Amino acid sequence: MPNCNFTFIFLFVTFDSNYPNDEFFCAVLSGKLLTLEPYSEDRDFYKIADLLSDARVTEPMGIPVPNPYIPQLNIAKKERMESSDSGDWTIFLNENKEDEQKIFAGETGIANWNPEARIVEIFTAIHPDFYGKGFGREATAILIKHIFSHDPIVKIRTQALETNMASIKMALK
């Protein structure tokens, strides 16, 4: 599968569907404030590794610092990109559209699309510099709209650590 992007509020979305195709996972998705671009290892790996090494991001998810998953991150991302059930998008602000000037704001994605069980998990992680600006909500809404465009949703349920109040508040909206 072509390279495509990921974060950590987990929404479980139920579908009547088959797996999406490469076109679905490699779409560029835009909103009012953000653009979600398919994950690119060359462009995004170190930004995402830094994001997932930041205690402000990982501690609300229950991941210790230093993040023990960082050494395996590149391998895990490659495996996810090669699977037919996952896709990751890097989140950029719409302020600067030029590649070298794009402002990285986080990552979002789909994991474990399972049409037999009628469930897909989505996740979003926002850089702490952009907390409280509605970017997590917008990125999640853009991704859910993209999922809706592929298949109608039957049911949505969400999961977050009880101590992660920002994720809980976003999920309730």
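Helix 4 packs its buried residues against helix 2 (41-51), strand 4 (87-93), strand 5 (104-114) and strand 6 (119-126). Helices (H or I, at least four residues) and strands (E, at least two) are DSSP runs, numbered from the N terminus. Residues are numbered from 1 along each chain as its sequence is written. This is a predicted model: local features need pLDDT of at least 70, side-chain atom pairs count only at pLDDT 80 or more, totals for chains, interfaces and linings use all residues, and side-chain values use heavy atoms, with hydrogens and water left out.

**Helix 4**

- Helix 4 covers residues 73-82, and its buried residues are L73, K77, R80 and M81.
- These buried residues line one face of the helix, because they fall within an arc of 95° when seen down the axis of helix 4.
- The arc is that of the directions from the helix axis to the C-beta atoms.
- I75, E79 and E82 are exposed, on the face of helix 4 turned away from its buried side.
- Buried means under 20% relative accessible area, exposed over 50%, and partly exposed in between (1.4 Å probe, protein chains only).

**Chain overview**

- The chain has six helices and seven strands.
- Along the sequence, their pattern is β-α-β-β-α-α-α-β-β-β-α-β-α.
- The chain has 173 residues, and 49% of them count as buried.
- Contact means heavy atoms within 4.5 Å.
- Of the contacts between residues at least 6 apart in sequence, 71% join residues at least 24 apart.

**Confidence**

- pLDDT is the predictor's confidence in each residue, from 0 to 100.
- The chain has a mean pLDDT of 77, and 75% of its residues reach 70 or more.
- In residues 1-10 the pLDDT is below 50, and this stretch has 76 contacts in the model beyond near neighbours in sequence.
- Where pLDDT is low, the predicted coordinates should not be read in detail.

**Nonpolar cores**

- A nonpolar core is a set of buried Ala, Val, Leu, Ile, Met, Phe, Trp, Tyr and Cys residues joined through side-chain atoms within 4.5 Å.
- The largest nonpolar core holds 22 residues, of which L34, L36, W89 and I110 touch the most other members.
- Helix 1 (22-25), strand 3 (34-38), strand 4, strand 5, strand 6 and helix 5 (135-150) each give two or more residues to this core.
- Helix 5 gives the most to this core: six residues.
- Another core lies apart from it, with 14 residues, among them Y39, V57, F92 and A125.
- L34 is in contact with L29, I91, F92, L93, N94, F135, E138, A139 and I142, leaving aside its neighbours within four places in sequence.

**Helix 5**

- The buried residues of helix 5 are F135, G136, E138, A139, T140, I142, L143, I144, H146 and I147.
- At 1.5 Å a residue, the 16 residues of helix 5 should span 22 Å, and its end C-alpha atoms are 23 Å apart, which agrees.
- The expected span of a helix is 1.5 Å times one less than its number of residues.

- D44 is found in helix 2.
- D44 is buried, with a relative accessible area of 0%.
- The side chains of D44 and R43 are joined by a polar contact of 2.6 Å.
- A polar contact is a pair of N or O atoms within 3.5 Å; within protein, one must be able to donate a hydrogen and the other to accept it, and residues adjacent in sequence count only if both atoms are side-chain atoms.
- D44 is also in contact with P38, Y39, T90 and F92, leaving aside its neighbours within four places in sequence.
- D54 sits in the loop between helix 2 and helix 3 (55-58).
- D54 counts as buried, at 16% relative accessibility.
- A polar contact of 2.7 Å links the side chains of D54 and R56.

- G31 lies in the loop between strand 2 (29-30) and strand 3.
- G31 is partly exposed, at a relative accessible area of 25%.
- Not counting residues up to four places away in sequence, G31 touches N94, E138 and I142.
- G31 and N94 are 63 residues apart in sequence, and 8.4 Å apart in space, C-alpha to C-alpha.
- T58 belongs to helix 3, and T58 is buried at a relative accessible area of 0%.
- Leaving aside its neighbours within four places in sequence, T58 is in contact with L52, I63, P64, V65 and N67.
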